[in-house]
Amino acid sequence: MSKNQNNGPSQRQLRVGEQVRHAIAEVLQRGEVRDDVVEATVISISEVRMSPDLKIATAFVSPLGAKDDEAVIKALNHHAKFIRGRMSHALRQMKYMPEVRFRIDTSFDNYAKIDALLRSPEVARDLDDEDGEEQN
C-alpha cells in the first residue's frame, strides 16, 4: 500500500491537534497555571500542529491585551510540563502524551496586512476598472 505523498498533515494529526487544543484551552481556562503573566492575559489558542509521530504539539497562541507577547510565550513554555501533565486526563486515550511548545500566532497579522492591501485605493481602483470592462 503506497503512502500518501502530499505534504499536508494527516487526518489523524488534525484530529489529535484539535483534541490537544481543547485540552490546553481547558487548562488555561480553569486558571490552573499559577503565573502572573499568564493569569493577567486572555490567551487564544488558534491552532495546534502535531508532529507526524504525535509526540510534539506546537500550539499557536495569541495573547489578547498583553503588553509583551514574548513574555507570555516564555511563561507558557516555562510551564509547558505542568500543562502537559494537567491535560493528560483529557487525552488519556493517547499512547504518549505530546510535548507542548508554544509559539506566537502571526496569522492574524498576515490577515490584517492582506485586508489593508485589499482596501488600498490602488486595488479599489483596479477592481473598479475590471467591473467597468465587464459591463461593456
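1. The chain exposes about 9,900 Å², and carbon and sulfur atoms supply 49% of that surface. Accessible areas here come from the Shrake-Rupley method with a 1.4 Å probe; for residues, only the protein chains shown count as cover.

2. This is a predicted model: local features need pLDDT of at least 70, side-chain atom pairs count only at pLDDT 80 or more, and totals for chains, interfaces and linings use all residues. Residues are numbered from 1 along each chain as its sequence is written, and side-chain values use heavy atoms, leaving out hydrogens and water.

3. The chain has six helices and three strands. From the N terminus the order is α-α-β-β-α-α-β-α-α. Helices (H or I, at least four residues) and strands (E, at least two) are DSSP runs, numbered from the N terminus.

4. Of the 136 residues, 32% count as buried. Buried means under 20% relative accessible area, exposed over 50%, partly exposed in between (1.4 Å probe, protein chains only).

5. Among contacts with a separation of 6 or more, 64% join residues 24 or more positions apart. Contact means heavy atoms within 4.5 Å.

6. Ser62 sits in strand β2 (residues 56-64). Its relative accessible area is 8%, so Ser62 is buried. Setting aside neighbours within four places in sequence, Ser62 contacts Val42, Ile43, Ser44, Asp105 and Phe108.

7. Asp109 belongs to helix α5 (residues 107-118). At 47% relative accessible area, Asp109 is partly exposed.
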